[in-house]
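Welcome! Here is a short briefing to read with the model at your side. Take a look at it before moving on to the notes.

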Amino acid sequence: VVYRFALPEKYQIHLESLIKYCHTQNAGLPLTFLLGFYVSLVVSRWWSQYSSLPWPDTIATFLRAVKMKEGGEEEARITRRTIVRYCLLAYLLCVRRLSIKLRKKLPTMREVIQTGLITEAEAERIGEEDSVRQHGGSNWWMPLLWSTEIAEHDANISSAAVYGFLQMNIAEYRQKLTDVLTYGHVPIPLVYSQVVHLAVYFYFWSFSDQ
């Protein structure tokens, strides 16, 4: 419609020349390669990010394997629950920086407190967590640090045979969350999307004169 009714005849001639040029260059345009490469990059990136999401099940399993002293079962149960709660809290604070839907559901730390995963005193130590666009401006990892300190100072856990495996899994848990966060802060280079879009536009544009 723009070509037929809005463009002057002079510009229509120029546009026709551009279309014919694009048509002659179409044979050498590796559109299939570009689209295949781009789609492969997006899908592999998405799958890698999903695969990097950690699960606290292994940490909970090692905690369950710790043999508690007789008479201290209730205190041990609270300790185990606190460590797992901190792992889930770190997960939530990390993913909240990436997920728009989660940020809308939990816009401030007040809503996070209402979930029961964190107390007001702990929230004050972590901070507001509102700098979602700033890389390195978050303390989402602090609950995992607290978990390692609890395990270190608990006599039952620190003397258990699985203590080393527990600390190693907490460290791996943090590393995986860091990997997930990195995917959010380092997106696909914009030039990739621009090249693919231009290639598709020129490809269909070259056939518009037929």
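A salt bridge here is a side-chain nitrogen of Lys or Arg within 4 Å of a carboxyl oxygen of Asp or Glu. By that rule, a search of the whole structure turns up four salt bridges. Please keep in mind that this is a predicted model. The notes below start with the overall picture and then visit some individual helices and residues.

**The overall picture**

- The protein has twelve helices and zero strands, so its pattern along the sequence is simply α-α-α-α-α-α-α-α-α-α-α-α.
- The protein counts 210 residues, and 33% of them are buried.
- Take the contacts between residues at least 6 apart in sequence: 71% of them join residues at least 24 apart.

- Which residues of helix H4 are buried? In this helix, which covers residues 57–64, they are Ile-59, Phe-62 and Leu-63.
- Thr-61 and Arg-64 are exposed, and they are carried on the face of H4 turned away from its buried side.
- What do the buried residues of H4 pack against? Their partners are helix H5 (73–96), helix H10 (155–158) and helix H11 (163–185).

**Helix H11**

- H11 has 23 residues, and at 1.5 Å a residue they should span 33 Å. The end C-alpha atoms of H11 are 33 Å apart, which agrees with that expectation.
- The buried residues of H11 are Leu-166, Gln-167, Asn-169, Ile-170, Tyr-173, Leu-177, Val-180 and Leu-181.
- Thr-182 also has its place in H11. With a relative accessible area of 35%, Thr-182 is partly exposed, since that term covers values between the 20% limit for buried and the 50% limit for exposed.
- Thr-182 and Leu-98 are 84 residues apart in sequence, while their C-alpha atoms are 9.8 Å apart in space.

**Salt bridges**

- Side chains of opposite charge can pair when their charged atoms come close.
- One of the salt bridges joins the side chains of Arg-77 and Glu-74, at 2.4 Å from N to O. Both residues belong to helix H5 and are three residues apart, about one turn of the helix.
- Arg-77 is partly exposed, with a relative accessible area of 32%, and Glu-74 is partly exposed too, at 45%.
- Another salt bridge brings together the side chains of Glu-122 and Arg-85, at 3.1 Å from N to O. This pair links distant parts of the chain, with Glu-122 in helix H8 (residues 120–126) and Arg-85 in helix H5, 37 residues apart.
- Are Glu-122 and Arg-85 buried or exposed? Both Glu-122 and Arg-85 are buried.
- The side chains of Glu-120 and Arg-110 also meet in a salt bridge, at 3.2 Å from N to O. Glu-120 lies in helix H8 and Arg-110 in helix H7 (residues 109–114), so this pair ties together parts that are ten residues apart in sequence.
- Glu-120 counts as partly exposed at 47% relative accessibility, and Arg-110 counts as partly exposed at 44%.

- Which residues make a nonpolar surface patch of about 570 Å²? The patch is made by Val-39, Val-43, Trp-46, Trp-47 and Tyr-50.
- Trp-47, one of the patch residues, lies in helix H3, which covers residues 31–52. Trp-47 is partly exposed, with a relative accessible area of 47%.
- Tyr-38 has its place in helix H3 as well, and Tyr-38 is partly exposed at a relative accessible area of 22%.
- How many residues along the chain lie between the positions of Tyr-38 and Val-196? They are 158 residues apart along the chain, yet their C-alpha atoms are separated by 7.4 Å.
- Leaving aside neighbours within four places in sequence, Tyr-38 is in contact with Tyr-192, Ser-193 and Val-196.

Notes: Residues numbered from 1 in each chain as written. Predicted model: local features only at pLDDT ≥ 70, side-chain atom pairs only at ≥ 80, totals over all residues. Heavy atoms only, no water. Helix = DSSP H or I, 4+ residues; strand = E, 2+ residues; numbered from the N terminus. Buried < 20%, exposed > 50% of the residue type's maximum accessible area, 1.4 Å probe, protein only. Contact = heavy atoms within 4.5 Å. Patch = residues over 30% accessible without salt bridge, like charges linked within 9 Å, V, L, I, M, F, W, Y side chains within 5 Å. Areas by Shrake-Rupley, 256 points an atom, 1.4 Å probe, with all protein chains shown as cover. Expected span 1.5 Å × (residues − 1).
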